Amino acid sequence: MRAALAPGIRLLRAVPRDSRYRGLTLVLTFLSYTSYHLSRKPISIVKSQLHLNCSALGPNPHNDSNSTTWCDWAPFDGDNYNELFGALDNAFLVAYAIGMFISGIFGERLPLRYYLSGGMVMSGLFTSLFGLGYFWDIHVLWYFIIVQVCNGLVQTTGWPAVVACVGNWFGKGKRGLIMGIWNSHTSVGNILGSLIAGAWVSSAWGLSFIVPGIIIAVMGVICFFFLVEYPEDVDCNPPQHHTAADEDPGGVTTSEKDPEAVISNEGPLSLSGQSSVDHSKSPKEPAEKPEAISFLGALRIPGVVEFSLCLLFAKLVSYTFLYWLPLYIVNVAHFGAKEAGDLSTLFDVGGILGGILAGLISDYTGGRATTCCVMLVVAAPMLFLYNHVGQNGIGVSVAMLIICGALVNGPYALITTAVSADLGTHESLKGNAKALSTVTAIIDGTGSVGAALGPLLAGLISPTGWNNVFYMLIAADVLACLLLARVVVKEARGWCGPMARQRGYVAAPPAWPLVPGCPGKVSVLLQKDVCYPLLSLLHLRAGIARPPAPCPAHGATEAFPPPAKAAPGGC
């Protein structure tokens with residue numbers, strides 16, 4: 001007698017084929033990039049062990065000398081230890097920033113599975129080599145610098161590859177929320193890296209690097225055996241990268257109403273004069289295999305430059321916390337190395353919440369740039385408060401770390417995930433999905449320049465006082481916000497409706513609704529309570545067309561928008 005099918009297998013069979021593979025891709029890429037960040041975190045935990053306050057530990061047990069550096073690890077036992085720590089951070093981050101611009105180009109032209117798996121194995125090797133310096137009793141700076149440079153270069157294989165894989169499987173619909181949840185791998189990796197490194201930091205700090213190195217190498221092998229790059233490889237349906245909101249109800253494409261969305265004959269694909277084609281209607285019948293986009297072609301995609309420069313300053317703040325927060329807690333709150341490492345994980349807990357919140361809000365409002373800008377504006381005063389009152393008790397410190405982590409990492413997470421995927425599948429690319437890795441590499445590579453500058457500046461400024469470090473971080477937050485101003489204004493105009501302006505009065509009637517697509521509760525409220533009062537203040541009049549038949553009624557009893565009025569002068 002044959003047994004019934006196992007419950008787990010029945011459950012698995014009940015899940016649609018496409019959903020199974022999408023779930024597998026999400027899990028594998030999540031664990032992959034978790035291991036990347038897990039292997040980057042130990043250096044920030046071990047710093048406080050490489051240069052300790054040896055006088056607090058008593059006299060040197062090995063001899064009778066009164067040396068105050070007997071417990072330190074040379075060459076970090078001198079007074080210039082902060083500069084040397086900054087050099088270690090900078091070696092990794094400068095190599096990472098330079099390599100990132102090249103990595104995306106390779107990622108578009110090599111199989112992502114091979115590229116990602118090989119990078120993870122090599123990263124595990126170089127991470128372990130740093131820790132082996134403890135067991136090999138190495139005390140020369142150049143060894144640690146070279147290992148950091150090599151590790152920074154091979155770690156650039158990770159981000160373009162995982163974002164391209166996820167972008168290949170998920171369309172634009174709920175991309176912000178999905179990627180906001182998925183992007184928690186950054187904070188999860190930092191938390192696990194802190195906990196793993198803290199377990200051995202006081203006994204044998206070399207294991208704080210070797211264990212994460214082994215973990216990322218094992219994950220590389222797993223990705224090699226199970227990662228699926230494209231839905232077409234397993235006969236699944238590719239996602240729809242552009243929604244109906246990219247097209248007006250009257251059939252006017254985004255490129256017709258927004259001249260910035262049109263790429264000239266020198267653009268990414270050299271397709272001037274052609275109208276935008278909705279490739280989602282025939283996803284499995286491409287006319288010809290698209291070529292990988294060029295570096296300059298990716299830069300011409302509207303929004304890439306603005307978001308890249310914004311990420312430069314946003315990542316400067318995030319990575320300064322990543323590398324210096326445990327040492328700051330040790331110096332200011334006077335905790336031990338392990339306790340400071342554990343407490344610093346709360347910043348990453350806030351980062352998880354911030355990334356999910358930013359993705360959810362940006363999906364609901366359709367304003368990626370506005371969401372980032374608002375969070376950056378609120379983050380600046382929160383950083384100031386954390387520096388001045390954040391150490392007034394463990395409860396206050398916990399709350400402030402979570403809030404600051406959410407506000408700092410929220411925009412960073414949104415730009416590096418949903419925004420990168422949106423721009424990498426921009427409608428101006430005419431359906432070419434070969435730009436994802438290059439666009440992601442440009443955005444994250446520019447951000448990595450800020451990631452390199454932040455810890456370096458913190459190392460140079462911290463001897464003058466931690467207050468100055470926080471002033472630098474607040475200034476970076478404000479600059480990141482200002483760099484998105486043009487995109488924020490463009491999104492606001494999209495909410496209030498496209499209008500052709502003439503001298504004096506506006507007579508060009510936008511289609512209903514002012515926000516593209518069928519009118520929802522948010523768009524109606526924006527139009528009724530925000531846009532029309534603003535237009536009245538500017539003495540503007542506009543005729544509004546009735547919605548087309550497919551749009552359902554929303555139950556509003558009042559007639560809105562108001563009937564069309566002629567502009568003065570009979571225009």
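Two helices count as roughly antiparallel when the angle between their N-to-C directions is over 145 degrees. The exercises below concern a predicted model.

**Exercise 1.** Determine how helix α5 and helix α10 are oriented towards each other.

*Solution.* Step 1: helix α5 spans residues 112-135 and helix α10 spans residues 207-226; their packing angle is about 165 degrees, and their axes lie 7 Å apart. Step 2: the cut-off for roughly antiparallel is over 145 degrees, and α5 and α10 are therefore roughly antiparallel to each other. Step 3: α5 and α10 cross in a left-handed sense. Step 4: sorted by class, the contact between α5 and α10 comprises 16 nonpolar, 8 polar and 1 charged residues.

**Exercise 2.** Classify the packing of helix α15 against helix α19, and state which residues meet.

*Solution.* Step 1: the axes of α15 (residues 368-389) and α19 (residues 485-496) are 8 Å apart, at an angle of about 125 degrees. Step 2: this angle makes α15 oblique to α19, because the roughly perpendicular range is 65 to 115 degrees and roughly antiparallel requires over 145. Step 3: the crossing of α15 past α19 is left-handed. Step 4: from α15, Arg-368, Ala-369, Thr-370 and Cys-373 meet Val-487, Val-488, Glu-491 and Trp-495 of α19. Step 5: by class, this contact of α15 with α19 holds 5 nonpolar, 1 polar and 2 charged residues.

**Exercise 3.** Describe the largest nonpolar core and the surroundings of Leu-383.

*Solution.* Step 1: the largest nonpolar core has 112 residues, of which Phe-144, Phe-321, Leu-383 and Tyr-386 touch the most other members. Step 2: helix α13 (residues 304-333) supplies the largest share of this core, 16 residues. Step 3: apart from residues up to four places away in sequence, Leu-383 touches Val-317, Phe-321, Cys-404, Val-408, Phe-470, Leu-473, Ile-474 and Asp-477.

Methods. Residues numbered from 1 in each chain as written. Predicted model: local features only at pLDDT ≥ 70, side-chain atom pairs only at ≥ 80, totals over all residues. Heavy atoms only, no water. Axes fitted to C-alpha atoms, helices over the stretch in contact; angles between N-to-C directions. Helix = DSSP H or I, 4+ residues; strand = E, 2+ residues; numbered from the N terminus. Parallel < 35°, antiparallel > 145°, perpendicular 65-115°, else oblique. Left-handed = near helix turned anticlockwise from the far one by under 90°. Contact = heavy atoms within 4.5 Å. Nonpolar A, V, L, I, M, F, W, Y, C, P; charged D, E, K, R; others polar. Core = buried A, V, L, I, M, F, W, Y, C linked by side-chain atoms within 4.5 Å. Buried < 20%, exposed > 50% of the residue type's maximum accessible area, 1.4 Å probe, protein only.
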